[in-house]
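The following note comments on one protein model for a reader new to structural work. Please keep the sequence and the 3D view at hand while going through the points.

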Amino acid sequence: MQKTCKRKQLQLDGRSQKTPKSTTEEPYPCHHRPTAEECRAVRDELLALHGFPPEFLKYRRHRLMKMEPFSNEAQSEPLINSDDGDHKEEGVLDGLIKIVLSQNTTELNSQKAFASLKSVFPTWEDVYAAETKSLENAIRCGGLAPRKASCIKNVLSCLHERKGKLSLEYLRDLSVDEMKSELSNFKGVGPKTVACVLMFNLQQDDFPVDTHVFEIARAIGWVPAVADRNKTYLHLNRRIPNELKFDLNCLLYTHGKLCRKCTMKGSSQKKLTSKDCSCPLSVNVVDG
């Protein structure tokens, strides 16, 4: 028997805090950084250093395809060859589960976990009908299998109970605040996960704040040194122009994984060292 829909419990990607329903709140009204010019300059510098991260190209292409012709965003974003051969748009439910599996593990392990999940259970109906232990075994390589399996089961149970089918495509017809409210109701889906689904799968102008983005934002003075991640999310979403959010977020995330000068946490990936490059953001680092 499937568990009933549970809400307002501890989340995988953060403490027990609700996703802000709106980004209109300004936690640091006297902090006037970043400016639009700073955002554009950092985007351009990181693009020149890293190129656009290939793992995000398909999401970028789908965003551009959904824009009105000759929109400001289409004109403002740099021209990049985004033909990576993957033209199928990822479903919202697939995107959500991928992000859940990415919590507290490496990118490689989360990809293996999702591939294993889809190999063992080809459809979400199969996952819904499966024993929790079988689901845990399928995603064990991604770490925290019991917690993540519980989250996945709860999402599917809630959808089956409330909508009668295992799909999140209905979110595309809602307002941004409604999207956030719907996603936040799922146990284990926290603020960062909600923001990622909005940006990657629902083509909204949102700016998720993961560990890499948070550390860089504090290091270069885009938020006060005392800022926490939730207030950093609110502040950056207010300050960063919508047309720059997607590219800048992807590039800051990639830079945080690779540059030793910008983040203190280690990475299983090869880091850029002083022999490899001169970090374009190091001149903006704020001490203390």
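1. The largest cavity has a volume of about 50 Å³. A cavity is a set of points, on a 1 Å grid over the protein atoms alone, where a 1.4 Å probe fits but cannot get out. Grid points are joined across faces, edges and corners, and the volume is the space filled by probe spheres set on the points. The structure holds 1 cavity of 30 Å³ or more.

2. The model is predicted: local features need pLDDT of at least 70, side-chain atom pairs count only at pLDDT 80 or more, and totals for chains, interfaces and linings use all residues. Residues are numbered from 1 along each chain as its sequence is written, and side-chain values use heavy atoms, with hydrogens and water left out.

3. The lining of the largest cavity (residues with an atom within 4 Å of a point) consists of Lys 58, Tyr 59, His 62, Lys 88, Glu 89, Glu 90, Phe 200, Asn 201 and Gln 203. The largest share, 3 residues, comes from α2.

4. The chain has 13 helices and 0 strands. Helices (H or I, at least four residues) and strands (E, at least two) are DSSP runs, numbered from the N terminus.

5. Helix α2 is largely enclosed by the rest of the structure, because 7 of its 10 residues are buried. Buried means under 20% relative accessible area, exposed over 50%, and partly exposed in between (1.4 Å probe, protein chains only). The buried residues of α2 include Lys 58, Tyr 59 and His 62, which also line the largest cavity.

6. A search of the whole structure finds 17 salt bridges, each a side-chain nitrogen of Lys or Arg within 4 Å of a carboxyl oxygen of Asp or Glu. In one of them, the side chains of Arg 60 and Asp 247 meet at 2.9 Å, N to O. This pair links helix α2 with helix α13 across 187 residues, and both Arg 60 and Asp 247 are buried.

7. Lys 66 and Glu 89 form another salt bridge, at 3.8 Å from N to O. Lys 66 lies in helix α2, whereas Glu 89 lies in the loop between α3 (72-76) and α4 (92-101). Lys 66 is partly exposed at 48% relative accessible area, and Glu 89 is partly exposed at 30%. Shared partners join Lys 66, Glu 89, Glu 169 and Arg 172 into one network of salt bridges.

Key: On a 1 Å grid over the protein atoms alone, a cavity is a set of points where a 1.4 Å probe fits but cannot get out, and a pocket is an open set with protein on both sides within 12 Å along at least five of seven lines; lining residues have an atom within 4 Å of a point.
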